[in-house]
Amino acid sequence: MTRVACIGECMIELREEADGRLSRSFGGDTLNTAVYLARLGTRVDYITALGDDSWSDELIAAWDAEGVGTDRVLRLPGRLPGLYIIQTDPKGERRFSYWRETAAARLLFKAPEAQPIIESLATYDLIYLSGISLSLYGDEGRARLFSVLRDARSAGKRVAFDTNFRPRGWPDQTVARTAFRQAFECADIILASTEDLDLLFGGTGVDALLAFSDRAEIVLKHPDLTCRVLSKGKEILVPSKPAEDVVDTTAAGDSFAAAYLNARLSGKSPEAAAQSGHRLAGQVVRHRGAIIRRDAMPNP
């Protein structure tokens, strides 16, 4: 069976309700994708670092319950997971506030104890990471990560990269642009949005991405929800209609990525994969929080 490794950070999620109360859950872009991949039937492990605290124990238990593998989670004594709060406006658009500068996940590619986990990445059929993943590790950690990705590709494995650009996670735009270009060079599948590319590269963002279309499968999402897919010299447009009852857009892109990758790993065409991505994302935005209830999942 195909095995996927999702690299990144999961945090404690506090969601602010209309009356000011906070409800607690968990979330993080690549973890969200891992959960949806598992629900769709893909065998997936989450690659991250946590502390030895009770909240980290709860995260491990929650991921196990979702069918996400946790054998590759590094536990660091004295460390804690990150924390974020979600606030949503009447249109469902969200605002995030973070407390994560000392989170355990940032040490994954620095801690000596992580070496067995890092070496294990070459055993997976697909490695998935995001722009947020890149922002965690600093120059030294990213250099080690890119080395691992290149080695994995040399061994016949594949890499999928989701742009997910958040400016506050980077010291400056120049560092971020360099890291993203390195990720593009390492990726076999690139999931991107024009919003991310414009924010990072300005008006040249789409061109910066399409420069890699001769070697990578590119999935480019536009603001009108049209998905432009370039694969093996062919280009297709896969439109979608906005959901009529959006309440929270959290994890829309993460769930799209999960459905797209699951479909491609199952042998479906890029067009069918994009349709699967639209279908799952359209359902996710109709519910609050990053991870919707199991009984709310759409039919495959």
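For the first entry I counted two residues as in contact when they have heavy atoms within 4.5 Å. The model is a predicted one, and I kept that in mind throughout.

I looked up Ile190 and, leaving aside its neighbours within four places in sequence, found it in contact with Phe161, Phe184, Leu209, Phe212, Ala216, Glu217, Ile218 and Val219.

I then turned to the nonpolar cores, where the largest has 50 residues, and Ile7, Leu134, Phe180, Phe184 and Ile190 are those with the most contacts inside it. Helix H6 (residues 173–186) gives the most to this core, with six residues. Apart from this core I found another, of 46 residues, which includes Ile189, Val219, Phe256 and Ala257.

Next I checked helix H5 (residues 138–154), whose 17 residues reach 24 Å from the first C-alpha to the last, close to the 24 Å expected at 1.5 Å a residue. Which residues of H5 are buried? I listed Gly141, Arg142, Leu145, Phe146, Val148, Leu149 and Ala152. Viewed down the axis of H5, these buried residues fall within an arc of 160 degrees, so they line one face of the helix. On the other side of H5 I noted Asp139, Glu140, Asp151 and Ser154 as exposed.

I also looked up what covers the buried residues of H5, and the elements include strand S1 (3–7), helix H3 (115–120), strand S8 (126–130), helix H4 (131–136), strand S9 (158–162) and H6.

How values were computed
Residues numbered from 1 in each chain as written. Predicted model: local features only at pLDDT ≥ 70, side-chain atom pairs only at ≥ 80, totals over all residues. Heavy atoms only, no water. Core = buried A, V, L, I, M, F, W, Y, C linked by side-chain atoms within 4.5 Å. Buried < 20%, exposed > 50% of the residue type's maximum accessible area, 1.4 Å probe, protein only. Helix = DSSP H or I, 4+ residues; strand = E, 2+ residues; numbered from the N terminus. Expected span 1.5 Å × (residues − 1). Arc of directions from axis to C-beta.
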